[in-house]
Amino acid sequence: MEHWSNHPRMAKIHLFIPLFALVHAAILYPTVAARVVPVPANDNQEQTLSSIFDISKYGTLQINNGLAQTPQMGWNSWNFFACDINETVIKETADALISTGLAEMGYIYVNIDDCWSTLRRDSKVSLDSVTFNLVLFFSDVHLGQLVPDPETFPSGIRALADYVHGKGLKLGIYSDAGDFTCQVRPGSLFHENDDAEIFASWEVDYLKFDNCFNLGIDPKKRYPPMREALNATGRTIFYSLCEWGVDDPALWAGKVGNSWRTTDDINDTWASMTTVADLNNKWAAYAGPGGWNDPDMLEVGNGGMTYPEYRAHFSIWALMKAPLLIGCDVRNMTAETYNILTNEEIIAVNQDKLGVQGRKVQVAGDGCSEVWAGPLSGNRLTVALWNRCSKAKTIKAVWDALGLESSTSVSVRDLWKHQDVLQDVVASFSAQVDAHGCEMYILTPQNVSRSDI
């Protein structure tokens, strides 16, 4: 199990953790060391829709706060800006989401990541007396309330929320289920009630809760207190767990939050993106309306991948019902980036009301020609032909791998060409796919008309 200090966002950070936190942790959070792996699939089971697209693990775990009926969509500051953020960037991003039409397509969350706060809390203390004495003795960094950095957010978070809400958008903020955030701002561990109250008072709509400086405490003990604290505020706040998949959050986080990171941080490379997709894929049965697997934010438009690779990235994230959180500078998008992020037909796959995560269903003998698929409302099926090879390939999707009877006749719509390309197709269909490219389709049974969808 990777230690939090080895996480990429901890690079170049070396910090002594105050003794009081370790004492407090030992008293309040006895640790439980356990790791559970998913049960392997039975390769001999009959290939039916229900067996391929299993959702049996979904339904009993949901937090049921009314949010996340479809995966969240919006923007997050980290992938492009990292710590170089300020209220002007956030306001201009909100403006750009409106002016480009991205907000109208569903990108409504404007999420501030790490580095928005000062390095220390203020002097207003509301801790119990024992904790207060320990904190006072060992370190004043833990006293009081979180404070927005006066240099970068001089108007405060509430004023920024008012601005974002005035655009019809929602504001998200970041904290950490640890002693400090990954960039060594005050974390919310042992401060869940105070921090939830102040987030609610600022009218925040979304909380990303990270995993740095976690003192080795079991995440199943660290993350629920913030759920309780958020619920106690009376404000409905989307709760996004960023646990990096270390303790298999798909197995338990549905009781806690609205989405949960299943992987380490993505970076803007083909190798990272494909690795993250595979890691997220194995937890497909645990996602559904109310709680989603999160393979991290989109890198589309940040310059590290080619256009076909970014198109594949967006296609697979949409098919996996992953959160679609833009990670580039939306104030300065290329036409190619805009065309990817605004593909309404692929967004519709991600936001489909059936809410079943698509998954990898077929891999060719070459090991890099893949078929991914998932059921949609209206008895439809979305299929992605993903070429992870270094040269163009013809990829075939066969009905058995999709859970369809071989005699089933379907029409095929190409979601990147935005046109119906085949009719009366039975048994299989195939297409030429460029190296590192992905073609995406919807298969509709011939006895289903568009008016039925």
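Select F209, Y223, Y239 and W252: ring pairs link these four residues into a cluster. Rings of Phe, Tyr and Trp (its six-membered ring) pair if their centres lie within 6.5 Å; planes under 30 degrees apart are stacked, over 60 edge-to-face, and the rest tilted. The structure holds 16 aromatic pairs.

The model is predicted, with local features requiring pLDDT of at least 70 and side-chain atom pairs pLDDT 80 or more, while totals for chains, interfaces and linings use all residues. Residues are numbered from 1 along each chain as its sequence is written, and side-chain values use heavy atoms, with hydrogens and water left out.

Next, select W75, F80 and F81. The ring centres of W75 and F81 are 6.2 Å apart and the planes stand at 70 degrees, so this pair is edge-to-face. F80 and F81 also form an edge-to-face pair, with centres 4.8 Å apart and planes at 75 degrees. W75 has 1% relative accessibility and counts as buried (under 20% relative accessible area; exposed is over 50% and partly exposed in between, with a 1.4 Å probe and protein chains only). F81, at 9%, is buried, whereas F80, at 43%, is partly exposed.

Move to helix α4 (residues 87-99) and helix α6 (residues 157-166), whose axes come within 9 Å and cross at roughly 10 degrees. Helices (H or I, at least four residues) and strands (E, at least two) are DSSP runs, numbered from the N terminus. Axes are lines fitted to C-alpha atoms, for helices over the stretch in contact, with angles from 0 to 180 degrees between N-to-C directions. The two helices α4 and α6 are therefore roughly parallel (under 35 degrees; over 145 is roughly antiparallel, 65 to 115 roughly perpendicular, the rest oblique).

To show the contact (heavy atoms within 4.5 Å), select E87, I90, K91, A94 and D95 of α4 with L160, Y163 and V164 of α6. Within this selection, K91 lies over the face of Y163, 5.2 Å from the ring centre. For comparison, go to R388, whose charged end sits over the ring of W386 at 4.7 Å from its centre. A charge sits over a ring if NZ of Lys or CZ of Arg is within 6 Å of the ring centre and within 35 degrees of the ring normal.

Finally, select helix α7 (residues 192-201). Seven of its ten residues are buried, so α7 is largely enclosed by the rest of the structure. Those buried are E192, D194, D195, A196, I198, F199 and A200. Their cover includes β3 (170-176), β4 (206-210), α8 (219-222) and α9 (224-233). Just after α7, stop at E203, which takes a positive phi of about 60 degrees.
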